[in-house]
Amino acid sequence: IALSLVTGLTMTGCTASTELGDTDTTDTAEIRGGGDAAAPGWMVAIQMRNAFTGGPWSHQCGGALFRPDFVVTAAHCVESYIFDPRYEVRVCVGATNLSDCDESRTARIFHSRMHTNWFPALSSEWDVGVIKLARAFPNELIALAEPQDDPPPGAMVQAIGFGRLADDSSPNTLQSVTYPVVSNEACQATWGGVSRIEPTMLCADADPSRGTCKGDSGGPLIYNGKLVGLTSFGATSRDGLCSGGADDVYTRVS
């Protein structure tokens, strides 16, 4: 892969993407290689609209309900929207289709915090945040992984989200893709000097035909029924499409 001289993260919507030069952009499927999925009760979509003019809600990030009134997501999702007074933010819980996000499924945000070590100007490490909701949900909850739950290289993991399709359009229906974990050493080799892969990160084997995309950030990576990763960043081509030019990188929940 021809690596471009990019050293930081570029925020595009709610996805932190890092460019890796002229990579293949011929992928055409949802979430690159996935398909429609039924939402578990703990699946969260973070939505925003203009705080001054209102209007329709637009999807920005994913997340997971791990307590009745607490959501875990990516720090860059919290930083980009929840702390910005220009935006009104809500979460939608347990919806298979974004068009199903009515009052029974949604809640406003009472409080939110990013990891205290999150400094995106220095590193993409510690990309995790927690949101306290204004009300609790009776939905099923996701179990957070502990170190013994981490998937080994080669294990098949599932990513789900409402992120952009290959043509840069947004799906209404939740998407899912299953692909293998790769070691951090192998992941680092695909990223070269563009991004440093830290022990607090977990990687999956993305390519032009499969992987996550813009809007999947903060969303879940599942292994053996537990939340092992949060979508953090991936590679984009020069035209801005998600390319799979390097492995997908997740915050390691454990």
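## Around A206

Leaving aside neighbours within four places in sequence, A206 is in contact (heavy atoms within 4.5 Å) with R32, Y179, G211, G244, A246, D247 and D248. A206 is found in the loop between β13 (201-204) and β14 (220-223), where strands (E, at least two residues) and helices (H or I, at least four residues) are DSSP runs numbered from the N terminus. With a relative accessible area of 6%, A206 is buried, a term that means under 20% for a 1.4 Å probe and protein chains only. The C-alpha atoms of A206 and G234, which stand 28 residues apart along the chain, are separated by 8.6 Å.

## Basis of the model

This is a predicted model, in which local features need pLDDT of at least 70 and side-chain atom pairs count only at pLDDT 80 or more, while totals for chains, interfaces and linings use all residues. Residues are numbered from 1 along each chain as its sequence is written, and side-chain values use heavy atoms, with hydrogens and water left out.

## The barrel

A closed barrel of six strands runs β4-β5-β6-β9-β8-β7 with antiparallel pairing, where two strands pair if DSSP finds at least two bridges between them. Strand β5 (residues 54-67) pairs with β6 (residues 70-73) in the antiparallel sense over three bridges, and a hairpin joins β5 to β6 through two residues; the bridge partner of A64 in β6 is V72.

On to the next pair: β6 and β9 (residues 129-133) pair in the antiparallel sense over four bridges, and T73 has G129 as its bridge partner in β9.

How values were computed
Buried means under 20% relative accessible area, exposed over 50%, partly exposed in between (1.4 Å probe, protein chains only).
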